[in-house]
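Visitor: I have a new model to look at. Can you walk me through some of it?

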Amino acid sequence: METTDIKQFSNTREQRAKLILEKGSPETLDEFTYLVPSEFSDKKYKVTHIDAYSCECKDFELRCRGKNLYCKHIKAIILFQRVKQKYEIEPQVEKEISLIIEQPQKDLCPECSSENLIKSGIRKTKIGTKQRYECRDCKKRFVLSPIKNIKGNEKLVCLAMDCYYRGLSYRDISAQFQSFYGLKISHVTIREWVLRFSEVMEKYSKTIQPKIKGVWNADETLILTKRGKNEEHTNYDYVWNVIDNKTKFLLASINSGRSRKSEDAQKVFTEAYKQNGKIPFQIIVDGYKGYEDGCRKTFRNWGRERKVKFTSIKGHRKKINNNAIESHHSHQKEFQKIRRGITEVQTYQDGFKVFHNFVRKNARDKLTPAEKVGIGVNGNAWETMLLNGIKHQNSRHLTGEEKNAITP
């Protein structure tokens with residue numbers, strides 16, 4: 001049989017298979033056996049599929065067997081399985097599949113911001129196909145995506161970051177992408193995503209001021225690093241945190257390396273003041289004396305100019321405590337526990353700060369600290385912070401009106 005005849009044979013049988021399915025669905029006898037109704041009578045043909053398809057009809061016996069061809073009844077089973085898979089599986093994974101569908105944010109040319117675009121083919125990637133566009137004004141061809149030059153898209157990045165800051169390792173996240181989505185994304189790639197976009201989101205979050213005028217809690221904690229031991233035979237870095245007592249909004253998180261001085265306390269207070277935009281009413285700290293000196297230098301808190309009530313819990317633990325910041329450190333240490341040491345301490349602190357403030361909800365009231373201070377974000381918090389962070393990063397290319405539109 002000629003190639004053209006084989007192709008015509010296959011197309012004809014496929015069309016007849018569709019007519020059979022319109023007449024009625026095949027009957028499943030067991031895992032490997034089906035009964036397919038005849039196209040023109042009430043008769044039913046048995047189709048089996050173990051290692052290969054087989055049908056008891058004359059067409060299969062005379063024209064298909066041994067020639068790698070299928071009769072219309074076998075083709076009906078193949079089409080039936082495709083339709084069944086589509087309607088039985090997709091609704092269950094629709095939410096997950098939507099995570100890997102590229103959604104262009106705005107139909108504008110990234111080169112000249114023109115709206116005069118036309119579709120110009122597709123680009124095949126390992127996560128699916130992406131629509132390519134061409135600008136009629138500047139003749140540039142491109143794919144509409146807020147994040148350039150990465151293997152995935154913004155939703156995959158957000159999913160990876162959420163998994164990481166909730167406690168999974170990079171290899172665990174890579175295995176999840178492989179198991180659930182069939183995507184081979186290296187744990188090294190995921191690490192690069194987390195480090196790069198943690199920094200992007202933190203820079204944007206610093207432009208959002210909660211303006212809390214209340215009580216701050218400040219304290220430092222130790223983070224295990226992989227930088228090697230120093231003269232004191234320790235491989236821990238100090239991380240200084242300042243948190244709002246009432247809303248638990250993390251105002252500053254600064255890594256000072258292995259230094260623990262009053263200058264470090266001053267640095268974290270200065271960072272918290274920049275983030276907040278207002279001087280606090282009171283600062284509660286532990287017994288370390290460097291905090292008092294840091295508070296004085298940051299807020300000119302001495303003599304008649306004293307503006308901040310400075311309180312140390314040393315000797316007053318029955319009346320006042322530092323539980324707000326200690327609770328945050330407990331959660332932070334749970335995150336660090338499975339890492340067995342990190343190198344980019346400050347970058348991870350930046351990402352964890354975004355996660356704590358805008359993503360992680362309180363177990364009691366189901367609100368994030370950002371929502372408590374009135375600056376919560378709409379929709380998916382990770383995605384909103386990421387896209388606004390990218391806009392902020394590229395704000396030198398925006399007009400004044402577009403810069404004002406960068407809001408959570």
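**Loops, a sheet, a helix and a pocket**

Guide: K139 sits in the loop between β6 (128-135) and β7 (141-143). Keep in mind that this is a predicted model.

Visitor: What is the phi of K139?

Guide: The phi of K139 is near 65°. That is a positive value in a residue other than glycine.

Visitor: Is K139 buried or exposed?

Guide: K139 counts as exposed, because its relative accessibility is 56%. The cut-off for exposed is over 50%.

Visitor: And K366, where is that?

Guide: K366 lies in the loop between α10 (345-359) and α11 (369-372). Its phi is positive too, near 60°. K366 is not a glycine either.

Visitor: Buried or exposed, K366?

Guide: K366 has 55% relative accessibility, so it counts as exposed.

Visitor: New topic. What is the strand order in the open sheet?

Guide: The order is β10-β9-β8-β11-β12. This open sheet has 5 strands, and the pairing is mixed.

Visitor: Which are the edge strands?

Guide: β10 (250-257) and β12 (309-312) are the edge strands. Each of them pairs on one side only. On average, neighbouring strands of this sheet are turned by 20° against each other, direction ignored.

Visitor: Let's go across it. How many bridges join β9 to β10?

Guide: 6 bridges join strand β9 (residues 236-244) to β10, and the two run antiparallel.

Visitor: What about the hairpin of β9 and β10?

Guide: It has 5 residues between the strands. K248 in this hairpin takes a positive phi near 65°.

Visitor: How covered is β10?

Guide: Mostly covered: 8 of its 8 residues are buried.

Visitor: Next strand, β8. How much of that is buried?

Guide: Strand β8 (residues 215-224) is mostly covered, with 7 of its 10 residues buried.

Visitor: How does β8 run against β9?

Guide: β8 and β9 run antiparallel, joined by 9 bridges. The bridge partner of I223 is D237 in β9.

Visitor: And against β11?

Guide: β8 and β11 run parallel, with 3 bridges. V215 stands opposite Q282 in β11.

Visitor: What does Q282 pair with in β12?

Guide: In β12, the bridge partner of Q282 is K309. Strand β11 (residues 282-285) and β12 run parallel, and 4 bridges join them.

Visitor: Which residues of α7 are buried?

Guide: Among them are A265, V268, F269 and A272. D264 and E271 are buried as well.

Visitor: What follows α7?

Guide: G277 follows α7, and its phi is positive, near 85°.

Visitor: Last one. What volume does the second largest pocket have?

Guide: About 320 Å³. Of the 15 residues that line this pocket, the closest to its centre are Y164, Y170, K226, R339 and G341.

Visitor: Which elements give two or more residues to the lining?

Guide: Those are α5 (170-181) and α6 (187-205). α6 gives the most, with 3 residues.

Visitor: What classes are in the lining?

Guide: The lining of the second largest pocket has 6 nonpolar, 4 polar and 5 charged residues.

Notes. Residues numbered from 1 in each chain as written. Predicted model: local features only at pLDDT ≥ 70, side-chain atom pairs only at ≥ 80, totals over all residues. Heavy atoms only, no water. 1 Å grid on protein atoms, 1.4 Å probe; cavity = no way out; pocket = protein on both sides within 12 Å on 5 of 7 lines; lining within 4 Å. Points joined across faces, edges and corners; volume = space filled by probe spheres on them. Nonpolar A, V, L, I, M, F, W, Y, C, P; charged D, E, K, R; others polar. Buried < 20%, exposed > 50% of the residue type's maximum accessible area, 1.4 Å probe, protein only. Pairing = 2+ DSSP bridges. Axes fitted to C-alpha atoms, helices over the stretch in contact; angles between N-to-C directions.
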